Amino acid sequence: LWGSDNTMAPLAVSIVSTPLAGVAVRRPTPKGATDRGIPRALAVRCRAAAASSPADAPPLGATRVWHCPPPEKTRKAQQACSTISKLPPHVLGDGGLDPATQSPQNQQAYLGSLAERFLPVNLSYKDVRVLNVDPPVFAIPRFVPADECDAIVAVAKGGKKLVRNVKRVDLGAKLPAPVADGAPALVQRLAELSENCKCFVRCDGAWLEGHVASSWGTEAGLRRRPPPGAFAFETPCLCVTARGKTSDVLPDAYDADAADAIGSQRRAICRVFLSDPPAADDDREHGSTDDDATCDASNESTPDIDRDAYSLKFDVLDLALAPAKGTAIVAFPAFADGTVDERAACRVRAHATTPTVWMDFPIAVGLDEGGIRKPVRMSDVVVEKVGTDANVGDAARSRNRQEWRADVKGAEGETEEAAAEGAAVAEAARKKLDELEKQGL
């Protein structure tokens, strides 16, 4: 694979850091998707750049992506952060990496890594962008039309607490009702969007048989435990974060005990944002109600970029996004073996004047009877000691001396000449043993 200096780099480091010119890949329109053109230039809005050259500012409805510096406090992550592979800032400034600009060899190498560690995807899906290489994060613009987003937001009333500053709306009673006047029922439209998710997240075709909505639970999750290795969509989850609030880390994957109890684990999640993102400078005009040390520190060092104006943030990746209305963000909260990938942990933030509304489409897989294998820790390893801590060295040396003496001891029935030769060897061995003992060995 190619690095940022156009030199060959190891597969574990990155996919492609900079777009390669002159490579065109045909990208067929997936089933259920219409031709929704979107500008290719999706830039991070900088105040100074926008003021000096308004023509260079991103168009209305563009998704903004940028890096935030690491927080001041040391993160306690179980997995090594050195395995993170990011895109360069200038690639994020263009809205992410377009897979069509990469060579077929690079695409196949990346697809192989995804299939082995996470899930296979369709890099030819219309307008898809790579936002982070490892762990993989993708953006699909215009996944849901803007008017349909507004209609779904209209039903986002009430709800129960999911995590701090996030409410999950109960869609049970609303599923049979139409999305809007003259529109199909909500359950039908959500099923169609789930089928569109299938066009991107492939899962090797191991989907649970039947209609996609047949696996939905009454309130959330799955209706029943799927067979081992079978993939199914959980009930879509409509969530809201109130104005000026920042959520806790979203529960995108189950911990090992919870997954074993229900017999399934979330392997991918398609998160569609239904509300408009904050403008690049809105948070500074109205003031931020969130105590985010990371963004405060970054604002002091780079005042031209409003890093507070995000709707979704991956903490470990230091990746902040302001997804445009209708954009789907696809991430993989668990590895292929079912263990949680905490590098994909994220949180949602709402602007001071408008809430953030989104819809989650979780993809779960049935687990084997043994469930998720727990990682081996040092506390699980049993070490057998020779002797006690105080005399383990002496015991080992004594055993070695006994083996030496057994080797040099004369055998029965040997001739006088052989016995004499053996005695000479034994004497030499005993001298050697005495020397070793004097040396403390």
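The protein chain contains ten helices and 13 strands, where helices (H or I, at least four residues) and strands (E, at least two) are DSSP runs numbered from the N terminus. The model is predicted, so local features need pLDDT of at least 70 and side-chain atom pairs count only at pLDDT 80 or more, while totals for chains, interfaces and linings use all residues. Residues are numbered from 1 along each chain as its sequence is written, and side-chain values use heavy atoms, with hydrogens and water left out.

Of the 441 residues of the protein chain, 46% count as buried; buried means under 20% relative accessible area, exposed over 50%, and partly exposed in between, with a 1.4 Å probe and protein chains only. Contact means heavy atoms within 4.5 Å. Among contacts between residues at least 6 apart in sequence, 75% join residues at least 24 apart.

Helix H5 spans residues 186-200, and its 15 residues reach 22 Å from the first C-alpha to the last. This is close to the 21 Å expected at 1.5 Å a residue, the expected span being 1.5 Å times one less than the number of residues. H5 is mostly covered, with eleven of its 15 residues buried.

The largest nonpolar core has 79 residues, of which Phe138, Phe143 and Phe314 touch the most other members. H5 gives the most to this core, with seven residues. A second, separate core of five residues includes Trp66, Cys68, Tyr310 and Ala320. A nonpolar core is here a set of buried Ala, Val, Leu, Ile, Met, Phe, Trp, Tyr and Cys residues joined through side-chain atoms within 4.5 Å. In soluble globular proteins, nonpolar side chains tend to be buried together.

Strand S7 (residues 237-241) is also mostly covered, and five of its five residues are buried. Cys237, Cys239 and Thr241 point one way from S7, while Leu238 and Val240 point the other way. In a regular strand the side chains alternate between the two faces of the sheet. Two strands are taken to pair if DSSP finds at least two bridges between them. S7 pairs with strand S5 (residues 166-169) in the antiparallel sense over three bridges, and Val169 stands opposite Leu238. S7 also pairs with S13, again antiparallel, over five bridges; here the bridge partner of Val240 is Val357 in S13.

S5 is joined in turn to strand S4 (residues 160-163) by three bridges, and the two run antiparallel. Lys160 stands opposite Arg168 in this pair. S4 and S5 form a hairpin with two residues between them, and Asn165 in the turn has a positive phi of about 70°.

A further group of strands forms an open sheet of four, in the order S1-S10-S9-S12, with antiparallel pairing. Strands S1 (64-67) and S12 (346-348) stand at the edges with a single partner strand each, so one side of each is left without a neighbour in the sheet. The twist averages 15° from one strand to the next; for such angles, axes are lines fitted to C-alpha atoms, for helices over the stretch in contact, and angles run from 0 to 180 degrees between N-to-C directions. Within this sheet, three bridges join strand S9 (residues 312-314) to strand S10 (residues 319-322), with Phe314 opposite Leu319.

Leu319 counts as buried, at 0% relative accessibility. Not counting residues up to four places away in sequence, Leu319 touches residues including Val65, Trp66, His67, Leu92, Leu131, Leu312 and Phe314. The C-alpha atoms of Leu319 and Cys346 are separated by 9.2 Å, with the two residues 27 apart along the chain.

Arg129, found in strand S2 (residues 129-132), is buried, with a relative accessible area of 6%. Its side chain reaches the backbone oxygen of Asp127 at 3.3 Å. Ala115, found in helix H3 (residues 104-117), is partly exposed, with a relative accessible area of 38%. Ala115 and Arg202 are 87 residues apart in sequence and 9.4 Å apart in space, C-alpha to C-alpha.

Terms used
Polar contact = N/O pair within 3.5 Å; in protein donor to acceptor, adjacent residues only side chain to side chain.
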